[in-house]
Amino acid sequence: MNEVVFLNEHLFWGNLGHSAVVVSFISSIMASLSWFFQEKNPLDKSWQKLATWSFQVHSLSVLTIIFSLFYIIYNHYFEYHYAWQHSSRDLPVHFMISCFWEGQEGSFLLWIFWQMVIGQILIRTAKDWKAPVMAVIMLSQVALTSMLLGIKVFGYKLGSSPFELLRNVMVDAPIFKQADYLSKVKDGNGLNPLLQNYWMVIHPPTLFFGFATTVVPFAYVIAALWRKSFDEWLKPTLPWALVSVMVLGAGIIMGGFWAYESLSFGGYWAWDPVENASLVPWLILIAAVHVMLIYKSTGNSLIVAKVLTLATFVLVLYATFLTRSGILGNSSVHSFTDLGMSGQLLVFLLIFVVLSIVLMAVRWKGLPRSAKDEDVYTREFWMFIGSLLLVISSFQVILTTSIPVFNKVFSANLAPPADVIAHYNKWQLPIAVLIAILTAVAQLLKYKKNPENAWKKIAMHAGISAVLTPVLYFAFGLEVWLYALLLFASIYAIVSNSVLLVPFLTGKIKLAGASVAHIGFGVLLIGVLISSANKKVISINETGQALNPEFSNRENVENIFLERGKPSKMGDYIITYVKDSQHWVNTYYQVNYQKLNSKGEVDYSFNLYPNGQINPKFGLVANPDTRHYLSHDVFTYVSSVPSQKGEAKFVNKKEHLVKPGDTIYTNNAWIILVGVNTNANPEDLDARNLKVLLGAELKVHTLDKAYDAMPMYGVQDNQAVSYDALVDEAKLKFSFTGVHPESGKISIETSEKDTSGDFVIMKAIVFPWINLVWGGTIIMIIGFMIAIFRRIGEFKRLDS
């Protein structure tokens with residue numbers, strides 16, 4: 001039987017990319033081993049030379065993989081499964097970039113890229129630590145690049161290649177028995193509609209950069225244990241740990257903003273398992289940074305600092321296992337499908353778990369211990385308690401998130417919480433109260449020893465906060481007493497750290513990083529509290545009728561039916577579904593809001609454009625639109641639309657004999673015939689054999705606007721022809737149907753658009769003071785940046 005020779009395949013780019021994957025894998029092994037032997041034999045510089053060259057080959061290979069894959073996606077080479085699975089011809093370029101990391105292979109590649117960039121920085125800055133640190137980082141690169149190999153070793157498939165051909169994945173499909181099968185593959189599967197948002201262009205790179213940076217503090221701790229160097233590791237580690245806290249935190253909050261802007265659950269954090277999986281390492285790393293600072297200032301808690309730093313990277317790998325092994329199933333909208341790499345992911349995790357445990361066990365006896373316990377009346381004691389609370393918070397989150405893992409490993413049948421948000425909040429809210437209070441108390445204390453008046457400052461700031469709390473409690477309209485505790489704690493954090501900020505602003509701004517970050521944390525907590533506790537659904541269905549048989553009782557109550565062009569009362573607003581418009585694959589629904597004042601008069605108005613698409617796989621995929629104000633957001637999305645929109649129907653047809661200056665009346669408008677244009681422009685018309693063309697110049701008046709329309713009438717091929725004019729805003733169509741020279745009049749036919757099947761079902765939510773969430777985050781990031789610059793400066797001074 002003759003083998004099929006496939007036509008028009010672009011095999012060069014796939015072969016180039018796959019070869020680059022193999023080279024990057026081999027060179028990462030060589031680099032890791034070379035740096036290992038360089039550390040073992042510091043006087044033999046040949047190992048360092050080999051390691052450096054291997055790393056540069058690895059870096060070039062990674063860039064080649066990225067270029068090859070993007071070239072395939074950009075040029076719509078659908079013979080490659082990854083391009084077919086994640087992209088389509090109608091995608092704009094910025095969404096093609098999102099296609100790059102939508103799949104597992106692309107997101108692994110993004111992680112590999114960032115670790116390569118970090119490696120380039122470290123070989124220039126790590127100095128004496130370069131060999132052991134780079135050996136660990138390249139070991140991580142070995143594991144990551146193996147995820148892209150897609151080759152079988154002793155019958156086991158190692159990784160999944162992004163350069164796999166479609167015909168090799170769907171080998172049994174009849175289409176691939178044809179040599180010219182590509183002529184039948186007209187388009188790709190397309191990008192997940194939920195990811196067709198500009199935040200998904202920048203959120204994944206930021207988040208994966210955060211993941212990648214966690215390997216650096218981990219590598220320094222491993223290197224320190226390897227060398228039995230228990231003190232020097234902290235100086236270069238602390239700046240990297242702060243960078244990781246900042247970037248990973250920014251990536252997490254970007255994910256929240258993406259959810260708020262793109263998803264229709266009405267919020268920015270849903271305690272989704274994948275959200276939790278990225279949150280936990282961040283919380284542990286924040287705890288690690290605080291314990292590092294304790295050790296730096298007092299010499300205490302070294303072991304805890306090392307354990308927490310190691311745990312951060314291990315938890316990143318555990319998060320990777322959770323989200324990519326398929327073990328979460330349908331419990332998360334973010335998780336990847338299982339590509340058969342769960343065993344490989346588990347090995348990846350276990351390599352670094354075992355490495356951490358073995359080195360800690362081997363060096364355990366030699367690790368310095370604290371000479372004495374911390375005094376309660378010191379900063380380090382309360383910082384340690386705060387770090388412990390962060391660990392407890394993380395443990396509660398990861399314990400619940402890992403229920404599917406427990407069920408899988410122990411063949412159990414544990415059920416996740418019925419109300420996930422309530423479950424997490426009942427644990428995390430009290431912890432947040434305590435942590436916020438500690439950010440105020442600990443900052444007012446000094447390390448090791450404090451003057452007697454320190455407690456007076458603590459009490460004074462607490463008193464100020466206690467006075468402000470009831471004022472803001474009632475101003476914000478809170479009603480649950482536990483919220484008063486969180487509000488007090490948040491205000492306390494802001495007040496105490498703001499007072500501490502004053503001396504720093506006189507010239508020592510680099511010392512202000514911690515206070516600025518803590519202020520941001522307090523503002524963030526207030527934003528989360530107010531926007532969550534007081535969010536209000538304003539689209540209440542007061543008809544008592546079920547809007548959609550597929551809706552739950554709650555959904556039927558919290559959505560409103562809008563027929564096109566008919567205003568409806570909704571709380572303090574008059575809203576009107578005006579029209580829809582098509583952009584790319586999305587339909588945008590213009591909804592006009594008119595805000596009423598206390599007198600029932602229109603105070604101001606605005607338009608929102610929630611959009612959606614009827615997707616064959618996902619049904620209605622709705623993206624909200626939001627009107628942002630300083631004190632609140634008006635958040636709107638469509639919950640249901642007509643499943644199919646056929647050709648527009650027009651009813652109430654009427655013929656009118658009119659001359660210039662006459663007025664025509666319809667249900668929607670009045671129309672004046674301004675004149676008859678004998679030089680009508682036949683643009684966009686088939687003008688062949690067109691002998692006569694007249695245009696009826698109409699001025700169409702609605703209650704608030706006037707529009708121009710010009711239906712046309714002519715003679716073409718010795719037959720009368722008529723060209724309609726549509727005024728969509730007035731839902732009117734005009735036809736110029738005849739000329740009557742004897743009376744000097746013309747015939748104009750009017751018809752009204754039938755909107756009885758033109759509707760949307762919509763939900764609207766008001767989020768009060770949600771800008772405090774975003775503002776608090778920005779302030780936190782500024783605080784981290786100030787702290788990073790300070791620690792980098794200290795490291796340079798100590799290293800010089």
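## Strand β22 and its sheet

In this predicted model, strand β22 is mostly covered, with 7 of its 9 residues buried. The strand belongs to an open sheet of 4 strands, whose order is β13-β22-β21-β20 and whose pairing is antiparallel. Because β13 (650-658) and β20 (725-727) stand at the edges and have a single partner strand each, one side of each is left without a neighbour in the sheet. On average, and with direction ignored, neighbouring strands of this sheet are turned by 25° against each other.

Two strands pair with β22 in this order. With β21 (residues 732-740), β22 (residues 745-753) forms an antiparallel pair over 8 bridges. Within that pair, Lys733 stands opposite Ser751 in β22, and Ser735 faces Glu749 of β22. With β13, β22 pairs in the antiparallel sense over 7 bridges; here Val658 stands opposite Ile746 in β22.

## Overall architecture

The protein has 800 residues, of which 54% count as buried. Its secondary structure comes to 21 helices and 23 strands. The C-alpha trace spans about 115 × 85 × 55 Å along its principal axes.

Contacts in the protein can also be described by their separation in sequence. Among those with a separation of 6 or more, 69% are made by residues 24 or more positions apart.

## The largest nonpolar core

The largest nonpolar core contains 175 residues. Which of them touch the most other members? These are Trp35, Trp111, Leu122, Trp233 and Trp282.

The surroundings of Trp111 can be given in detail. Leaving aside neighbours within four places in sequence, Trp111 is in contact with Leu144, Phe208, Phe211, Ala212, Val316, Leu317 and Thr320.

## Packing of α2 against α6

Helix α2 (residues 46-74) packs on helix α6 (residues 130-146) at an angle of about 35°, and the two axes lie 12 Å apart. The crossing of α2 and α6 is left-handed.

On the α2 side, the contact is made by Gln48, Phe55 and His58, which meet Lys130, Met134, Met138, Gln141 and Thr145 in α6.

## Helix α15

Helix α15 spans residues 403-410, and Ile403, Val405 and Asn407 within this helix are buried. What covers the buried residues of α15? The covering elements include α12 (302-324) and α14 (379-401). Just after α15, Ser411 takes a positive phi of about 50°.

Note on methods
Residues numbered from 1 in each chain as written. Predicted model: local features only at pLDDT ≥ 70, side-chain atom pairs only at ≥ 80, totals over all residues. Heavy atoms only, no water. Pairing = 2+ DSSP bridges. Axes fitted to C-alpha atoms, helices over the stretch in contact; angles between N-to-C directions. Core = buried A, V, L, I, M, F, W, Y, C linked by side-chain atoms within 4.5 Å. Buried < 20%, exposed > 50% of the residue type's maximum accessible area, 1.4 Å probe, protein only. Contact = heavy atoms within 4.5 Å. Left-handed = near helix turned anticlockwise from the far one by under 90°.
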